[in-house]
Amino acid sequence: VVETAVQWVVKGARQELEVVIEAPSLLEVTGHPGQLQQVIMNLVQNAVDAMRDVERRRLEVHVHEIGGEVRVRVRDAGPGIAESDLVRVFDPFFTTKPVGQGTGLGLSISYGIVAEHGGDLVAANHPDGGAVFTVTLPTEAV
Ligand SMILES: Nc1ncnc2c1ncn2[C@@H]1O[C@H](COP(=O)(O)OP(=O)(O)OP(=O)(O)O)[C@@H](O)[C@H]1O
Ligand SMILES: [Mg+2]
């Protein structure tokens with residue numbers, strides 16, 4: 001399965017925000033394109049939601065290939081994630097969004113999809129502010 005990682009991401013970004021995408025034009029990852037796209041769109045949507053109340057909305061998506069792995073990093077300029085919530089964001093139904101706005105399933109489902117592809121999904125805060133989500137997937141050939 002051949003996928004352009006950039007395409008996954010650009011589809012999700014549609015609002016007044018600064019988007020910086022850094023990625024090789026072509027990357028191959030073995031897996032289900034629709035599902036992997038869903039993961040990226042989830043992360044982008046979360047980032048956009050998190051930046052609702054900030055002035056400088058900046059979304060950075062970096063895609064790198066390192067030692068047989070593709071790493072997709074989605075960074076936002078929102079408030080970040082409370083230290084105590086970092087371990088809980090992947091729990092099913094964990095949400096800080098108002099009732100009716102978030103199911104709290106996005107990251108839980110994303111985590112499952114990434115795991116099924118033999119990868120990993122990690123949440124962290126950037127030292128300069130904002131949340132950073134890193135998806136790691138094996139580049140293993142078909
Ligand atoms: N980029 C982010 N910055 C700050 N908090 C975040 C970020 N991404 C996720 N979170 C926190 O993690 C919670 C869980 O995220 P998740 O995607 O699982 O559910 P949701 O976004 O609340 O609901 P849904 O994805 O169903 O719309 C969010 O409610 C939010 O508190
Ligand atoms: Mg979400």
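Q: Is Asn42 buried or exposed, and how is that decided?

A: Buried means under 20% relative accessible area, exposed means over 50%, and partly exposed lies in between, with a 1.4 Å probe and protein chains only. Asn42 has 18% relative accessibility, so Asn42 counts as buried. The structure is a predicted model, in which local features need pLDDT of at least 70 and side-chain atom pairs count only at pLDDT 80 or more, while totals for chains, interfaces and linings use all residues. Residues are numbered from 1 along each chain as its sequence is written, chains are lettered from A and ligands numbered from 1 in the order in which they are written, and side-chain values use heavy atoms, with hydrogens and water left out.

Q: Where is Asn42 placed, and which residues does Asn42 touch?

A: Helices (H or I, at least four residues) and strands (E, at least two) are DSSP runs, numbered from the N terminus. Asn42 belongs to helix α2. Contact means heavy atoms within 4.5 Å. When residues up to four places away in sequence are not counted, Asn42 touches Gly106 and Ser110.

Q: How is Leu105 to be read by comparison?

A: Leu105 has a relative accessible area of 25% and is therefore partly exposed. Leu105 lies in the loop between β5 and α3. Residues up to four places away in sequence again being left out, Leu105 touches Pro92 and Phe93.

Q: Which residues of α3 are buried, and against what do they pack?

A: In α3, the buried residues are Leu107, Ser108, Ser110, Ile113 and Val114. The buried residues of this helix pack against α2, β6 and β7. After α3 comes Gly118, with a positive phi near 80°.

Q: What is a nonpolar core, and how many residues has the largest one here?

A: A nonpolar core is a set of buried Ala, Val, Leu, Ile, Met, Phe, Trp, Tyr and Cys residues joined through side-chain atoms within 4.5 Å. The largest one has 30 residues, and those with the most contacts inside it include Leu43, Val89 and Phe133. Helix α2 gives the largest share of this core, seven residues. Leaving aside neighbours within four places in sequence, Val89 is in contact with Ile81, Phe94, Leu107 and Ala123.

Q: How do the strands β4 and β5 pair?

A: Two strands pair if DSSP finds at least two bridges between them. Strands β4 and β5 run antiparallel and are joined by seven bridges; Val63 has Val72 in β5 as its bridge partner. Their hairpin has two residues between the strands, and Gly67 there takes a positive phi near 45°. Strand β2 (residues 18-22) runs parallel to β4, with five bridges, and Val20 has Glu60 in β4 as its bridge partner.

Q: What joins β6 to β7?

A: Six bridges join these antiparallel strands. Asn125 stands opposite Ala131 in β7. The hairpin has five residues between the strands, and Gly129 takes a positive phi near 105°.

Q: Which polar atoms lie close to ligand 1?

A: A polar contact with the ligand is a pair of N or O atoms within 3.5 Å. A polar side-chain atom of Asp76 lies 2.6 Å from a nitrogen atom of ligand 1. For Asn46, a polar side-chain atom is 2.9 Å from an oxygen atom of ligand 1, and a polar backbone atom of Leu107 lies 2.8 Å from an oxygen atom of ligand 1.

Technical notes. Polar contact = N/O pair within 3.5 Å; in protein donor to acceptor, adjacent residues only side chain to side chain.
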